[in-house]
Amino acid sequence: MSLEEKFSAAAGSVKGMKSRPVDTELLELYGLYKQATCGDCSADKPGALDLKAKAKWEAWSGKKGMAQDAAKEAYVSYANTIITKY
């Protein structure tokens, strides 16, 4: 199975989970997913009052410089951990 296939399978499994992970776990998954699919964050930082958007931006921006393939591998590994936990 190629890395791309593993990544797609992990993303599908995360979407189909019956229980919702905690926010910190979701933010980690979000940051890795965005880095893997889009590369480095190029969006402007949201305002201080938009807490959800700011948290998501920080999760993605924190992965800056990580190669997309490395982000995919990290996503698959972390997703599998989360899936077995929930």
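**Aromatic contacts and pockets**

Lys-72 lies over the face of Phe-7, 5.8 Å from the ring centre; a charge is placed over a ring if NZ of Lys or CZ of Arg is within 6 Å of the ring centre and within 35 degrees of the ring normal. The model is predicted, so that local features need pLDDT of at least 70 and side-chain atom pairs count only at pLDDT 80 or more, while totals for chains, interfaces and linings use all residues. Residues are numbered from 1 along each chain as its sequence is written, and side-chain values use heavy atoms, with hydrogens and water left out.

Lys-34 lies over the face of Trp-60, at 4.7 Å from the ring centre. Three aromatic pairs are present in the structure (rings of Phe, Tyr and Trp, the last by its six-membered ring, with centres within 6.5 Å). Phe-7, Tyr-33 and Tyr-75 are linked by ring pairs into a cluster.

The volume of the largest pocket is about 250 Å³. A pocket is an open set of points on a 1 Å grid where a 1.4 Å probe fits, with protein on both sides within 12 Å along at least five of seven lines; lining residues have an atom within 4 Å of a point. Tyr-33 and Tyr-75 are among the residues lining the largest pocket, as are Lys-15 and Lys-52. This lining divides into nine nonpolar, no polar and three charged residues.

The second largest pocket holds about 150 Å³ of space. Its lining includes Met-17, Arg-20, Pro-21 and Tyr-75, and comprises seven nonpolar, one polar and one charged residues.

Technical notes. Phe/Tyr/Trp six-rings, centres within 6.5 Å; stacked < 30°, edge-to-face > 60°. Points joined across faces, edges and corners; volume = space filled by probe spheres on them. Nonpolar A, V, L, I, M, F, W, Y, C, P; charged D, E, K, R; others polar.
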